[in-house]
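Take a look at the model below.

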Amino acid sequence: MEAILPLAAESFGLLSLPSSGSNPIAIVFFNAGFIHRSGPYRLFTRLSRVLAAAGYAVLRFDLPGVGDAPSATDMDEQQAIRDALDRLQAATGCSGFVIGGLCSAADSGWKTALADPRVRGLVMLDGIARNGLWHKYARLRRMLRRSPSTWFKTVRNNVAPAVTDTDLRDWPAAGSERAELQAMLARQVSVLALYTGGTAYFLHPRQFRSTFGGSATRRGVTFEHWPDTDHVFFLDAHRERLISRIETWMRTTFPSPGSHFHASAGAGR
Amino acid sequence: MTQAPVPAPLHLGPPERPVFAVLHATAQPPRAQLLLCPPILNEHARSYRLFSVLARHLAAQGIAVLRFDYYGTGDSGGDDDAFTLGSACDDAMLASAHLADVAGSVPAFVMGVRAGGLVAIETASRTRASGGLVLWQPIADWTDYLRETGALDARQRAAIPAGHAISKDTLMGFALSKDFHAHAAGLATWPGDGHVGRTIVIGDDAAPVGVGATTIPAPPSLTRWTGQAEMGTFPNTQIRDVAAALAGAMGVV
């Protein structure tokens, strides 16, 4: 069942609700860039409905300037998110939230998770990661697999580097992400960080540890690298795999009261 | 131009088959009503913001607008393969009836964007739309449209790291219903004699123009999104200008 949740500044969200009972943790997905709330190829419409069937209330809505939401003149992004959480809490009684999404939504989720103590979990799909040595190593390895003519092109591009996807992201100051993750973990925030093979900035799984240091392997952090998938999960099979993975993570990390779900019972990696 | 009420989201149809819609009502009694049939596949999400903003501007001009997602698309119920062009026409009829209830007896227009034009033509014919038909960058040749969309699909697949073979069961990331192509073949791409009222075409210079159609040119910033997989923004002032021109062509000034 889906209901419409009125939000501030002439906006609204779609609230997927469980048919019976409800987990005390609700989930909120933000826009992936300029794609309206249903997500790339309806990813978040489908994910919301699967998670609702698993017992969670799930809200998807448009941030200012995207989809049906008015432009950002009346309310900035963080205000809009705070308002959405307030109204979701009032509508469902849920006082804890799992938030996040894909690309810029992961960035928005990161900022909100730091600022709002109600956030208990963060889903980061192609979220923050720094380049570092492992990225250089993976790039070099990729380049060597190609023909020598592309080597010169790569060198030429490095002389006058183009705008990269990391330039377009809203990430914290370089180096502060370690302390920020530590602060989240100290608050018992659980993190699912999943990276696809569709970005230019995340090329090697060891980048995760080099970005976040020792916190990367601490309890509460789940890291996955899916190098065979693209950034927007173009293939239906990839979307199904992602939906299944997030559902399993939710069920194991935030089990519904009285449920006896174990990781082995759900879909694996 | 007046400040229109806040757009109102709603669900149409029975609970087991919800069709999501957004009503853009007018501040004063409306002078016309317009049902907006969206494009399909990747073009739906790509243009969603454009037509949300356009509807706001039209409502401010005194035109009540109802936008909706076909069943199996966007925020409506159903899996992707539940969408067919035949069921889309039924959804449009449902939405048209709701809009008529809200807007009353003012002239009724049906607008179709790209492939939504097929749905709009069918709906205008079935409802005998008193105002007429509005086609935004209509598809003149369904075969060409499928070929171009298929080429875009192939480019998207080529960007998948693991690679993936082209499938006839999906197009631009969406699972197709078994009768997707059959339904398309049965629908007209251009209004025939059965159409009621006038036709307004919005598009770039390349837009096909039927006999007697009124044309409204749209700037490239509002037309070049077709055939693009990447998302982008649309300039508000140019959307407002097109809305004003459309309101004029509809006789609402």
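How many salt bridges are counted between chain B and chain A? The count is six. This is a predicted model. One salt bridge to look for joins the side chains of A:Arg60 and B:Asp75, with N to O at 2.8 Å. Polar contacts cross the interface of chain B and chain A too: 21 residue pairs make them, both residues at pLDDT 80 or more.

Which elements of chain B give two or more residues to the side that touches chain A? They are the strands β1 (8-12) and β2 (19-24), and the helices α1 (42-60) and α4 (142-158). The largest share comes from α1(B), with six residues. Sorted by class, this side of chain B has 14 nonpolar, 14 polar and eight charged residues.

Now take both sides together. Chain B brings 36 residues to the contact, and chain A brings 33. The size of an interface is often given as the accessible area lost when the parts come together. Here the buried area is about 2800 Å². Carbon and sulfur atoms give 58% of that area.

The largest nonpolar core has 49 residues. Those touching the most other members are B:Leu35, B:Cys37, B:Ile40, B:Leu66, B:Phe68 and B:Trp142. Helix α2 of chain B, residues 85-103, gives the most to this core: seven residues.

Pick out B:Ile40. Beyond its neighbours within four places in sequence, B:Ile40 contacts B:Tyr70, B:Phe83, B:Ala115, B:Trp142, B:Tyr145 and B:Phe180.

A second core is separate and has 40 residues. Among them are A:Phe97, A:Leu122, A:Phe208 and A:Val221.

Key. Residues numbered from 1 in each chain as written. Chains lettered and ligands numbered in written order. Predicted model: local features only at pLDDT ≥ 70, side-chain atom pairs only at ≥ 80, totals over all residues. Heavy atoms only, no water. Contact = heavy atoms within 4.5 Å. Buried area = accessible area lost by both parts, 1.4 Å probe. Salt bridge = Lys/Arg side-chain N within 4 Å of Asp/Glu carboxyl O. Polar contact = N/O pair within 3.5 Å; in protein donor to acceptor, adjacent residues only side chain to side chain. Helix = DSSP H or I, 4+ residues; strand = E, 2+ residues; numbered from the N terminus. Nonpolar A, V, L, I, M, F, W, Y, C, P; charged D, E, K, R; others polar. Core = buried A, V, L, I, M, F, W, Y, C linked by side-chain atoms within 4.5 Å. Buried < 20%, exposed > 50% of the residue type's maximum accessible area, 1.4 Å probe, protein only.
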